[in-house]
Amino acid sequence: MDAPFPGRLERIDDVRWRLPCDADRGMRVDGVVFADADLVAALGDDPALAQVAHVATLPGIVGASLAMPDIHWGYGFCIGGVAATDPGRGGVVSPGGVGYDINCGVRLLRSDLREDDLAGRLERLVDALHAHVPTGVGRSGPFRFVGRELDALLAEGVPFLRRRAWATDGDVEHCEAGGVLADARPDLVSDVAKARGADQCGTVGSGNHFVEVQVVDRVVDEAAAAAFGLEVGAVCVLIHSGSRGLGYQVCDDALRTLRGVPERHGIVLPDRQLACAPVASPEGQAYLGAMRAAANYAFCNRQLIAAQVREVFERVFGVPWQRLGLDLVYDVAHNVAKLEAHVVDGRETSLCVHRKGATRAFPAGHPEVPPAYREVGQPVIVPGDMGRASWVLVGGPLAMERSFGTTCHGAGRALSRKAAARSARGRDVRAELAARGVIARAASRKGLDEEQPDAYKDVDRVVDVVHRAGLSLRVARLRPVGVIKG
Amino acid sequence: MAWQTFEHTADVGLRIEAASLAQLFEEAARALASLWVDDPRWAEDAEAAVADAVARGGEPVEERFALASGEHAELLFDWLHALLVAFEVRRALLPLVHVEVASDEAGLTLRATARGVRVDPALQPLAREVKAITYHRLALRREGARWTAEVVVDV
């Protein structure tokens with residue numbers, strides 16, 4: 001199941017590598033990994049490559065089983081995996097292609113504040129964020145949604161919060177899909193999932209989730225940066241979280257429901273975590289309906305975290321957040337399956353695009369890009385690590401043709417959690433970050449150790465690959481100055 | 001301690017070993033609890049850790065479980081998932097467990113009594129969130145007189 005990939009990668013060009021289709025192993029299409037030679041060398045015989053080959057066996061898969069340069073070992077699909085299936089040709093949907101944290105994603109707030117405005121206030125700001133925005137395991141938030149309220153939130157997403165004045169028109173417009181996946185089915189979300197999610201909307205959680213205060217330290221594309229409201233020295237806030245316990249449980253429920261289903265449809269799977277059902281089947285439709293509800297919960301979670309961040313800024317800077325210009329640049333999902341229109345063999349076709357640890361990156365002119373950004377393209381937000389940098393990119397010209405409009409989602413882990421914790425023994429990660437100019441506050445020391453900068457690949461390298469591959473283009477680099485974590 | 005963690009890039013693997021199937025399920029509960037709590041005493045001596053938490057004002061809790069499954073590995077999955085739901089929904093941290101496992105033609109049944117404390121971050125500093133128990137590398141087998149299991153936990 002997690003044995004190394006027995007074949008070998010063939011170089012297509014500087015940033016693309018092919019795992020040739022091997023019918024004897026059940027592959028229906030090639031695998032294609034976006035990476036440079038160094039990243040490929042670092043991958044070695046990582047089981048993630050075998051996972052790319054496994055995904056290539058899924059019925060109805062179109063084009064190739066793709067992996068982004070932040071590829072690493074996941075469950076079923078690798079992290080950084082992308083697969084599009086054609087429902088009209090028996091294409092399947094797989095919860096393993098979305099992951100446990102449905103619609104885990106990021107949102108970026110920009111502001112009119114400059115780095116100078118943080119002088120003498122940054123520590124207070126980070127402490128206030130840590131005190132006010134719930135982080136870490138076992139922390140519930142000030143919001144609680146049960147019964148019809150929770151069902152409405154699951155069905156309507158961020159527009160539900162706008163009706164409650166917890167979101168603005170701009171917040172709705174600047175979310176992927178307008179902050180709501182249509183055809184969500186709250187009635188198919190289990191009671192256990194709803195119980196797990198009741199008091200977690202508006203909480204960050206733990207693991208790799210965070211809220212970071214950042215400063216724009218470089219602008220590469222002036223026109224796109226101007227459209228996104230970003231300029232050098234501007235203070236921003238990056239929020240990374242997902243659908244919390246509710247989404248994890250929806251995935252778990254689906255994997256149980258799908259026990260035996262692939263066999264009933266005559267589907268042979270190389271890995272149980274790839275459990276799937278034809279998109280058109282009742283089981284496939286049921287998963288998609290529940291998954292969309294969880295995705296809507298995640299959009300709302302990040303919106304309510306943003307609402308709390310705005311309250312903290314108001315308190316620390318003494319003016320309403322609107323006067324600080326603390327507006328949403330964009331909110332993107334990086335664990336989701338969506339039906340999207342793509343061109344296959346010259347014909348527009350509705351495909352079920354799985355992105356697991358991968359970000360939608362639609363180019364300029366695409367009708368799903370909000371009007372304010374349509375001339376430049378969709379903003380793509382790529383968090384790096386808490387010591388180095390994150391990036392804002394924009395959907396690239398080759399994304400639709402090469403990756404179903406998709407790019408990377410982060411730096412990708414270089415060290416396992418256990419290895420990172422081991423390397424932090426005898427060190428003080430918080431003090432090291434402070435020496436680099438980053439104030440870090442975490443609910444647990446273990447969380448900070450496991451998420452230290454060295455645990456991740458260099459995000460600049462990963463971004464360089466997707467830029468050169470034309471999937472998404474560099475706009476601005478952001479440097480962290482404050483971070484709160486679980 | 002009849003369990004240890006093993007490497008998995010973004011998550012945590014548990015390898016558990018015991019002299020009987022029931023003991024293996026008991027060890028698995030202790031292993032899972034130790035992932036949540038940022039205090040090695042919970043891994044080394046859960047009985048003492050629970051007693052200490054109660055002595056400092058923690059609310060003792062006890063829950064009963066009855067599960068059925070067609071196969072060993074799935075029963076382990078369902079058991080750990082039941083403990084995860086107890087933790088998240090009822091805030092019950094339950095490392096002290098007595099398990100009985102029976103098998104017949106219909107499959108396997110597990111009955112358990114689990115004790116512990118109501119989660120209170122002030123009394124038990126919590127290390128990490130457990131998102132899910134996964135099927136990835138899930139295995140449970142008998143090797144001679146020993147039972148062993150592997151399970152990867154998404155954190």
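User: Which strands and which helix of chain A each supply at least two residues of the lining of the second largest pocket?

Analyst: In this predicted model, strand E3 (30-34), strand E4 (61-72), strand E12 (335-344) and helix H12 (399-403) of chain A each supply at least two residues of that lining, where helices (H or I, at least four residues) and strands (E, at least two) are DSSP runs numbered from the N terminus. The lining comprises 18 residues, of which Val343(A), Met400(A), Glu401(A), Arg402(A) and Phe404(A) lie nearest the centre of the pocket. Local features need pLDDT of at least 70 and side-chain atom pairs pLDDT 80 or more, whereas totals for chains, interfaces and linings use all residues. Residues are numbered from 1 along each chain as written, chains are lettered from A and ligands numbered from 1 in the order written, and side-chain values use heavy atoms, without hydrogens and water.

User: What makes a space a pocket, and what a cavity?

Analyst: On a 1 Å grid over the protein atoms alone, a cavity is a set of points where a 1.4 Å probe fits but cannot get out, whereas a pocket is an open set with protein on both sides within 12 Å along at least five of seven lines, and lining residues have an atom within 4 Å of a point. The second largest pocket has a volume of about 380 Å³, a volume being the space filled by probe spheres set on the points. The largest pocket has a volume of about 750 Å³, and of its 27 lining residues the closest to its centre are Ala421(A), Arg425(A), Lys446(A), Thr5(B) and Arg128(B). Among the elements giving two or more residues to this lining are helices H13 (417-423) and H15 (445-450) of chain A and strands E1 (3-8) and E2 (11-18) of chain B. As for cavities, a search of the whole structure finds four of 30 Å³ or more, and the largest cavity holds about 570 Å³ of space. Among its 36 lining residues, His72(A), Ile79(A), Asn208(A), His240(A) and His409(A) lie nearest its centre.

User: Why are H9(A) and H4(B) called roughly antiparallel?

Analyst: Helix H9 (residues 244-257) of chain A and helix H4 (residues 72-90) of chain B pack at about 160°, with their axes 13 Å apart. Angles under 35 degrees count as roughly parallel, over 145 as roughly antiparallel, 65 to 115 as roughly perpendicular and the rest as oblique, and H9(A) and H4(B) are therefore roughly antiparallel. Residues making the contact (heavy atoms within 4.5 Å) include Asp252(A) and Arg256(A) of H9(A) and His81(B) and Glu88(B) of H4(B).

User: What makes H4(A) roughly perpendicular to H11(A)?

Analyst: Helix H4 (residues 147-156) of chain A and H11(A) pack at about 95°, with their axes 7 Å apart, and that angle makes H4(A) roughly perpendicular to H11(A). The contact has seven nonpolar, one polar and one charged residues.

User: Why are H3(A) and H11(A) called oblique to each other?

Analyst: Helix H3 (residues 122-132) of chain A and helix H11 (residues 282-317) of chain A pack at about 140°, with their axes 10 Å apart, and H3(A) and H11(A) are therefore oblique to each other. The residues of this contact divide into eight nonpolar, two polar and three charged.

Note on methods: Axes fitted to C-alpha atoms, helices over the stretch in contact; angles between N-to-C directions. Nonpolar A, V, L, I, M, F, W, Y, C, P; charged D, E, K, R; others polar.
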